[in-house]
Amino acid sequence: MKALVLGAMIASFSVSASAQTLNQYTLEWPSRTQSQMTSRMVTALEVFLNDNLTSAEVAAVDAALVADEWDHPLSSYPDVFIRYRTDVDEILISNDGLWQSYSGSGGISQATAKSTATGIYNDLVAAALIDSSDFDFDQAKSITIKQEYGSSGTPGSTSYVQEYRFRATKERDGIQFANGGIEIGVDVGGSLSHLRFGGVKILGVAGTFNQVVSNGDIANAFSALVAGASSYSVKRQGLEVIFPPGSATGVQRPTYVYAFTLETAAGVISRKQVIGYDLVTAGAPFDYVGTDPNETGDPR
Amino acid sequence: MRHQYWARLIGLATLVLWTKSADATTPPHPPTFYIGESTDFTGNGCENTDLNTVTRTLASELRNQSWTGSRFVNAGTFPDDFDDTGLTWSEFADRSTLAVYAGHGNIGSLQWGFMRNGLCNRTFQSDTRLGHLTDGQAQFGMYLTSCTLDNDANQFYNFQDRVLQKFGYHNSPTIADNQPRDFFKATRGRSNRNAWLDEMNDRPGWFNDDNSPRIVSFIDQAQSPSVLGCWLRHNILRLRASSTYVAETMADTGAFWWCATTRDEQDDC
């Protein structure tokens, strides 16, 4: 996490009092033993497949995790891909074989898919793989995986939904915790297709703090930051607790986050930046993506 | 799921048969790469925001897997590396299996950080001819930029490049340093399609980046009478398994099918 510097567009702003009192939280990036990781993956697979794994399959999962190979280790389910990111405690399971079953039309509705996804979500809670107090899955964001095709020389295309996905970010007190969440996918045939969950663990509230930098001052600072651009687009803004991967266990308070892009006069759009303003100490925002302007490559 | 496994084998066999009639140009083997990356956009004639580095570990992993190639960064990468004008330097992007650019962009276009020969931007329509004409070796194009594969302007039907697949974004992404490496790593066992969608959306350890990765595949209509051949190619090619594409090419001319998969976050460019 670095202080943001955008050329000469460095924000400076005044401090004014604000009466808002907010919670701060103790967070950690879980560190698990090999057997714990295998146990979590096996449990998640059994929820995903609605089937019990054999001892041989458990051994195959364990071997894949030990080797850090991202692959399809189950002989009975050769299309099921697994990946465990140990650095961010994140599990991914995908049924890679479902692309063959697409028909290009029809299929279940998004509401039906959401109902299936909610059932799996409840199963994961019952299996103690996720904590229901971290989520409001009813409010999960709806995402679609779309297929589209066409022919050269002919404008226009045909598109259809192949899969519905529902992603919930962890939250407490109505504030998102950007570094933890869950995503569940259901294909248009009604089969469970995708599961990703994990991230930072919320250990609890660690007292309160008073917001000192007002929301108005933060808005002014952001306006000054983007003033040099031809135009800009705010993709997301609001209070978030951000605890970047690699952080040690500790107390974190929310920051006021902007995710945004800039557009140049020539019509070039920047990659999306994510910055956060501290609510207690005024100053340059935290940059949650970072920059490496001095990067060098091969000699030419 | 067992019947799906057999269906996949049948599909693969069908694609192999089509391969026999592919265009005669032989791509390089073992595979090669060309990477251009801009992170410094301040004071070099092409102003924009500075960026994080996203291809360093990709290049390392490619080399670990016996790929050969070059990674040119900032003042070392030239906008006209992607042009097809008969340029003669040996690092030309179209002399590699995989051509990568990381920086800024827009629909069908790319922006470099250092101006060269008066150029900052290149477009697919006007400037690039990956996969044919001069050199013509590129089979894959990867664009770690904003909106380059946005199809709202209906650009795919008129692409001038002739590659097997393009990897990019529909919207403006936030990309972590190692995500492109992890995409390549995942193609050991997964299709490029699935790996691109799952590795290039949220950064690892983040759950609200809202990236919309998109992968587009192409196939000559002379090789495949229906769009089905495009979908088979789309779902089978794996970068780390060169056997899935070593004999695959696109003809220099003629009609083609395109087919794409997108993670749609309801976020336009």
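This is a predicted model: local features need pLDDT of at least 70, side-chain atom pairs count only at pLDDT 80 or more; totals for chains, interfaces and linings use all residues.

Modeller: Residues are numbered from 1 along each chain as its sequence is written, and chains are lettered from A and ligands numbered from 1 in the order in which they are written.

Biologist: OK, which residues of helix 2 of chain B are buried?
Modeller: In helix 2 of chain B (residues 56–64), B:Arg56, B:Leu58, B:Ala59 and B:Leu62 are the buried ones. Buried means 20 or more other C-beta atoms within 10 Å of a residue's own, exposed means 12 or fewer, and partly exposed is in between, with C-beta atoms placed from the backbone. Helices are DSSP runs of H or I, at least four residues, and strands are runs of E, at least two, numbered from the N terminus.

Biologist: Why are they on the same side?
Modeller: Because they cover an arc of only 165 degrees around the axis of helix 2 of chain B, going by the directions from the helix axis to the C-beta atoms.

Biologist: And what's exposed on the other side?
Modeller: B:Ser60 and B:Asn64.

Biologist: Switching to chain A, how do strand 10 and strand 12 run?
Modeller: Antiparallel, joined by 9 bridges; strands pair if DSSP finds at least two bridges between them.

Biologist: How many bridges join strand 7 to strand 10 of chain A?
Modeller: 2, and those strands run parallel.
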